[in-house]
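Dear colleague,

Please find the structure below, handed over for your records.

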Amino acid sequence: MSFTVRVATEEDSPGIRELFGRTFGRAMTAEEWRWKYPENPDGWIATVAELDGRIVGHYGGWPLRAVIGGRESTIVSVGDVATEPSIRHLGGRRNAFRSMADALFDVLKSRGVPFVFGFPNARALAAGARLLGYRAEFPVRTIEYELEGGLTGSGIGSEWVEASYDALWDRCRAALPAGLLRDRRRINWRYHARPDRWYRFVTVEGTGGDAACGVLSVLAEEALVVEAAVADASGALRLFEALSAEAAALGARRLVFWETPDGPLSAIAGRDAARRRGARAAETGFSFATVPFDEAVTAEFVRCAQIAAGIYDDR
């Protein structure tokens, strides 16, 4: 019997998708796989466990370019973890899961990645802390607004963003102490090109170009704001009106943001602003957790980053 752990290659794609089908009961489609990993503008990285030439484990990483302290870096969201029950004891004292994770972490450290992150619930966090050194940075909370009929806004709805978005992003990036790179190429890949999912862009125009742009994911009566690029607080308030009107027109009864402590979006998604406007703060039951490789860079990102739901959204 031959058991190995190694970095995945694109030729492993069919075997990994078959593993997902055996493990989760639903195989990731070839289109979804290509979109999420090989076609990711920021690359892809994963490790696999192989038993006698057959893929029996996968530990995936979704790289994301970010600005941290004025410098660009790559951070990695870990997920799509799958191991066949029959091999979970293999790999020695570290078992298959930990062997794959350690192999991935070694590669990422060698590439200068400052941390990996995820959004575990309490049970998964406890296991991740024990096995991999996961650390909860903050609980994720939402701000929820009830939507009423007859809402109006000045937003323009679309299925993707045009070239005018570039100027808005340039203004946002100039004032961004920490956060994900969300230029036109990346945001269209993330929300327009994704197969089997549907998102709605809402843009608010200003006198000198676009003032703000948000992205909605509508599921039943809830419209989640998964992304927002906002030049200033006044643009944030206009975007709130436009998103509310668009969400209501799409049949939603609630507009939901991730709570943010600072930046332009705090005018509508900060807890104090939400209380003033009669919104409700709610716990999600999961946390933003990291495995830091560079403590200083990790701390800077956690302290300053404007994190929206799109960093996690899986619907």
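**Pockets**

The second largest pocket has a volume of about 650 Å³. A pocket here is an open set of points on a 1 Å grid over the protein atoms alone, where a 1.4 Å probe fits, with protein on both sides within 12 Å along at least five of seven lines. Grid points are joined across faces, edges and corners, and the volume is the space filled by probe spheres set on the points.

The model is a predicted one, in which local features need pLDDT of at least 70 and side-chain atom pairs count only at pLDDT 80 or more, while totals for chains, interfaces and linings use all residues. Residues are numbered from 1 along each chain as its sequence is written, and side-chain values use heavy atoms, with hydrogens and water left out.

The second largest pocket is lined by 34 residues (a lining residue has an atom within 4 Å of a point). Nearest its centre lie L176, A228, P264, L265 and Q306. The elements that give two or more residues to this lining are α5, β8, β11, β12 (254-258) and α10; helices (H or I, at least four residues) and strands (E, at least two) are DSSP runs, numbered from the N terminus. By class, the lining of the second largest pocket has 24 nonpolar, four polar and six charged residues. In this scheme Ala, Val, Leu, Ile, Met, Phe, Trp, Tyr, Cys and Pro count as nonpolar, Asp, Glu, Lys and Arg as charged, and the others, Gly among them, as polar.

The largest pocket has a volume of about 1100 Å³. Of the 37 residues that line it, V78, G79, D80, V81 and F119 are the closest to its centre. Two or more lining residues come from each of α1 (13-24), α2 (30-36), β3 (54-68), β4 (71-83), α3 (95-110) and α4 (122-132). The largest share, seven residues, is given by β4. The lining of the largest pocket comprises 20 nonpolar, eight polar and nine charged residues.

Helix α5 (residues 165-174), which contributes to the second largest pocket, has Y165, L168, W169 and C172 buried; buried means under 20% relative accessible area, exposed over 50%, and partly exposed in between (1.4 Å probe, protein chains only). Seen down the axis of α5, these buried residues fall within an arc of 95°, so they line one face of the helix. The arc is that of the directions from the helix axis to the C-beta atoms. The face turned away from the buried side of α5 carries the exposed residues D170 and A174. The buried residues of α5 pack against β8 (178-180), α6 (184-191), β10 (209-219) and β11 (222-230), where contact means heavy atoms within 4.5 Å.

In α4, which gives residues to the largest pocket, L125, G128 and L132 are buried. These three cover an arc of only 75° around the axis, which puts them on the same side of α4. A122, R123 and R130 are exposed on the other side of α4. The cover over the buried residues of α4 includes β3, α3, β6 (135-146) and β13 (280-292).

**Nonpolar cores**

A nonpolar core is a set of buried Ala, Val, Leu, Ile, Met, Phe, Trp, Tyr and Cys residues joined through side-chain atoms within 4.5 Å. The largest core has 37 residues, of which I75 and F301 touch the most other members. Leaving out residues up to four places away in sequence, I75 touches W62, P63, L64, A66, I68, V113, P114, F115, F117, L180 and F301. A second, separate core of 25 residues includes L147, A212, L265 and A274.

**Individual residues**

T203, in strand β9 (residues 200-206), counts as buried because its relative accessibility is 12%. Beyond residues up to four places away in sequence, T203 touches S154, G155, I156, D210, A212 and C213.

E246, in helix α7 (residues 233-249), is buried, with a relative accessible area of 16%. Leaving aside neighbours within four places in sequence, E246 is in contact with G157, R200, V202 and L216.

A296 lies in helix α10 (residues 295-304) and counts as exposed at 57% relative accessibility. S110, in helix α3, is likewise exposed, at 62% relative accessibility.

With kind regards
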